[in-house]
Amino acid sequence: HELRSPLGAIQQNLFVLTRELQGVISEDQQRRLERMGVRIQDLLGLVNRWLRGFTVDMAGLQASFQPVALSVPVGKAVENAQPEAVRKAIDVSAEVEPEAVVLGDEGTLAEALLNIIGNAVKYSREGGRVRVVAGREGEKVVVSVTDTGVGIPQADLPHIFADFYRGKAGERGPGGAGIGLGITRRIVEAHGGTIAAASDPGRGSTFT
Ligand code: ADP
């Protein structure tokens with residue numbers, strides 16, 4: 001609330017001001033105000049996304065757990081990652097055993113998977129490959145996402161699941177805020193799972 005309400009107030013005032021000043025100020029100035037509006041919107045989106053991930057109500061979530069065939073959230077996450085993958089000519093494939101069923105929340109599982117698959121696409125060069133495999137191993141379901149991307153330096157590996165941490169690839173590469181993996185870890189842990197990353201720097205990464 002303390003983050004959102006001042007941002008909301010700035011947004012509203014800017015909106016009114018932009019309208020009132022139309023025709024009074026130059027087109028260039030008008031565009032500057034509009035750009036400020038867009039940036040504030042981005043910031044609000046970021047705050048909302050982080051808050052949502054940070055305040056995933058574990059107990060509440062678990063109370064509504066249902067059997068989820070992983071093919072469903074994996075399918076959704078792959079579909080959502082497709083536009084960016086197509087743009088970079090990256091082949092994303094998924095192989096999910098029908099036995100891969102967990103007790104969980106489909107929506108948050110899809111969000112966690114999209115964070116990982118989205119990163120795999122984001123941190124891959126053009127023409128790369130992303131492979132998602134899910135299967136049952138005893139009482140567990142194991143999901144792995146492997147990419148042929150830039151990889152993660154050894155020094156970054158212990159930190160990437162912390163909130164706001166951006167590794168070497170993150171700082172150099174495309175935009176981001178360093179919150180996706182922290183949210184993903186909390187979602188996985190709320191499902192009684194664990195998440196880990198391994199990498200061959202320069203050749204690719206696997207998140208399991
Ligand atoms: P963001 O991508 O916004 O920086 P994340 O929390 O999703 O934030 O990831 C944290 C960091 O982990 C990234 O900045 C990047 O350095 C590294 N990372 C995550 N996924 C990959 C990947 N598939 N390949 C290489 N680096 C990755």
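The shell around the ligand in this predicted model divides into 10 nonpolar, 8 polar and 4 charged residues. Here Ala, Val, Leu, Ile, Met, Phe, Trp, Tyr, Cys and Pro count as nonpolar, Asp, Glu, Lys and Arg as charged, and the others, Gly among them, as polar. Of the 22 residues around the ligand, Asn-119, Tyr-123, Asp-147, Arg-166 and Leu-181 come nearest; a residue is near the ligand if one of its heavy atoms lies within 4 Å of it.

Some polar contacts (pairs of N or O atoms within 3.5 Å; within protein, one must be able to donate a hydrogen and the other to accept it, and residues adjacent in sequence count only if both atoms are side-chain atoms) can be picked out. The side chain of Asn-119 has an N or O atom 2.8 Å from an oxygen atom of the ligand, while the side chain of Asp-147 places an N or O atom 2.9 Å from a ligand nitrogen atom. Gly-167 takes part through its backbone, with an N or O atom 3.0 Å from a ligand oxygen atom. On its own the ligand has 530 Å² of accessible area, and the protein covers 98% of that; such areas come from the Shrake-Rupley method with a 1.4 Å probe, and for residues only the protein chains shown count as cover. Helix H5 (106-122), helix H6 (168-172), helix H7 (180-190) and strand S7 (204-207) each give two or more residues to the shell. Helices (H or I, at least four residues) and strands (E, at least two) are DSSP runs, numbered from the N terminus.

As for numbering and cut-offs, residues are counted from 1 along each chain as its sequence is written, and side-chain values use heavy atoms, with hydrogens and water left out. Local features need pLDDT of at least 70 and side-chain atom pairs count only at pLDDT 80 or more, whereas totals for chains, interfaces and linings use all residues.

Now for the inside of the protein. Buried means under 20% relative accessible area, exposed over 50%, and partly exposed in between (1.4 Å probe, protein chains only).

Helix H7 is largely enclosed by the rest of the structure, because 9 of its 11 residues are buried. Among the buried ones are Leu-181, Ile-183, Arg-186 and Val-188. Just after H7, Gly-192 takes a positive phi of about 70°.

Over in strand S5 sits Ser-144, a buried residue with a relative accessible area of 18%. Leaving aside neighbours within four places in sequence, Ser-144 is in contact (heavy atoms within 4.5 Å) with Arg-131, Val-132, Val-133, Thr-206, Phe-207 and Thr-208.

Most residues other than glycine have a negative phi. Ala-89, in the loop between H4 and strand S2 (91-96), has a positive phi of about 55°. Phe-164, in the loop between S5 and H6, has a positive phi near 70°, and at 46% relative accessibility Phe-164 counts as partly exposed.
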